[in-house]
Amino acid sequence: MKAPPATELDEIDRFCDGLWLEDGLSRATLASYRSDLKHLAGWLAENASERLLDASETTLIGFVAELSRSTRTSSQARYLSTLRRFYRWQISRGRLRQDPTRQLSNPARASRLPKTLSEGQVEALLAAPDTGTPLGLRDRAMLETIYATGLRVSELVNLKLFEISLNDGVVRVTGKGGKDRLTPLGELATEWITRYQNEARGEILAGRQDDALFVTGRGHAMTRQAFWQLVKRYALTAGIPPERLSPHVLRHAFATHLLNHGADLRVVQLLLGHADISTTQIYTHVARERLKSLHASHHPRG
């Protein structure tokens, strides 16, 4: 595929910079928009000889049709979201008069429940790190924190020392779109973080300074990818099948277990930092499947 012309790259930069200034979107979100739009710009240059701002509805339908033959429905839906955001942003600035994405429809997506763990599996995972070592103590504190709060992995690894209050048992989280929320830690997570800070954090830093709560031997915050590798390693130790894992497996377990124990859906929505409750409702299906399983196992006519 052709590389996008420099003028198109400038157009994409202008859009991403505008979103960053207006909405404070994360670097990961902006990188996704940038990648999708570069793909479209290159495809237009090779297949339609059109620029981004000149792309017609018919051309975009052709682009989406080609995507459908080479990408998953989830990726197609992400591309469509990017295109809609890009063209509507241009309209809001008077650079376009009509939206070429208005007739594009989302691909049909099969209902997919998030992967989660049983409460017993979570207990085994939490107990997997060797807390007799500084790194094991750190890992236990991280696992306890993410399960106690339902943080996204990116939110967990980006936590700063000043964002956590052990006296009050709460953490201030900066979520998607730069929105802050206060989330309770619970007694156990508070105890493990306190122990980690008192016994392990200084030894891991070895005299270096960093304001990240959870640090590595390099003296900096852990990456999302490194934490995911830790989760996979400890899951194997805990005897958890690989198919039960996902990068956000403990976040999903947090939400599911809260609902299983009677939490209100609106409360779970606030704790997860979901802007729309429809995003949270997927967990009601998980909890319902759990109830069906219990009914089938224990009811005399199950």
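1. H1 and H4 sit roughly perpendicular to each other, because their angle falls in the 65 to 115 degree band used for that word. The axes of helix H1 (residues 6-23) and H4 come within 11 Å and cross at roughly 85 degrees. Axes here are lines fitted to C-alpha atoms, for helices over the stretch in contact, with angles from 0 to 180 degrees between N-to-C directions. Helices are DSSP runs (H or I, at least four residues), numbered from the N terminus.

2. A word on provenance: this is a predicted model, where local features need pLDDT of at least 70 and side-chain atom pairs count only at pLDDT 80 or more, while totals for chains, interfaces and linings use all residues. Residues are numbered from 1 along each chain as its sequence is written, and side-chain values use heavy atoms, with hydrogens and water left out.

3. Back to the H1 and H4 pair. H1 brings Glu11, Arg14, Phe15, Gly18, Leu19, Glu22 and Asp23, and H4 answers with Arg85, Phe86, Trp89 and Gln90; contact means heavy atoms within 4.5 Å. That contact has four nonpolar, two polar and five charged residues. For the classes, Ala, Val, Leu, Ile, Met, Phe, Trp, Tyr, Cys and Pro are nonpolar, Asp, Glu, Lys and Arg are charged, and the others, Gly among them, are polar.

4. Now H3 with H4. The axes of helix H3 (residues 57-70) and helix H4 (residues 73-92) come within 10 Å, crossing at roughly 160 degrees. That makes H3 roughly antiparallel to H4 (over 145 degrees). On the H3 side you'll find Leu60, Phe63, Val64, Leu67 and Ser68, meeting Gln76, Tyr79, Leu80, Leu83 and Tyr87 of H4. Eight residues of this contact are nonpolar, two are polar and none is charged.

5. On to the second largest pocket, which holds about 330 Å³ of space. On a 1 Å grid over the protein atoms alone, a pocket is an open set of points with protein on both sides within 12 Å along at least five of seven lines, a cavity is a set where a 1.4 Å probe fits but cannot get out, and lining residues have an atom within 4 Å of a point. The pocket has 17 lining residues, with Leu126, Glu144, Tyr147, Ala148 and Leu188 nearest its centre. Nine of the lining residues are nonpolar, three polar and five charged.

6. Last, the largest cavity: about 30 Å³ of space, a volume being the space filled by probe spheres set on the points, which are joined across faces, edges and corners. Its lining is Ile146, Val153, Phe227, Val231, Pro247, His248, Val249 and Leu250, with seven nonpolar, one polar and no charged residues.

Methods:
Helices (H or I, at least four residues) and strands (E, at least two) are DSSP runs, numbered from the N terminus. Angles under 35 degrees count as roughly parallel, over 145 as roughly antiparallel, 65 to 115 as roughly perpendicular and the rest as oblique.
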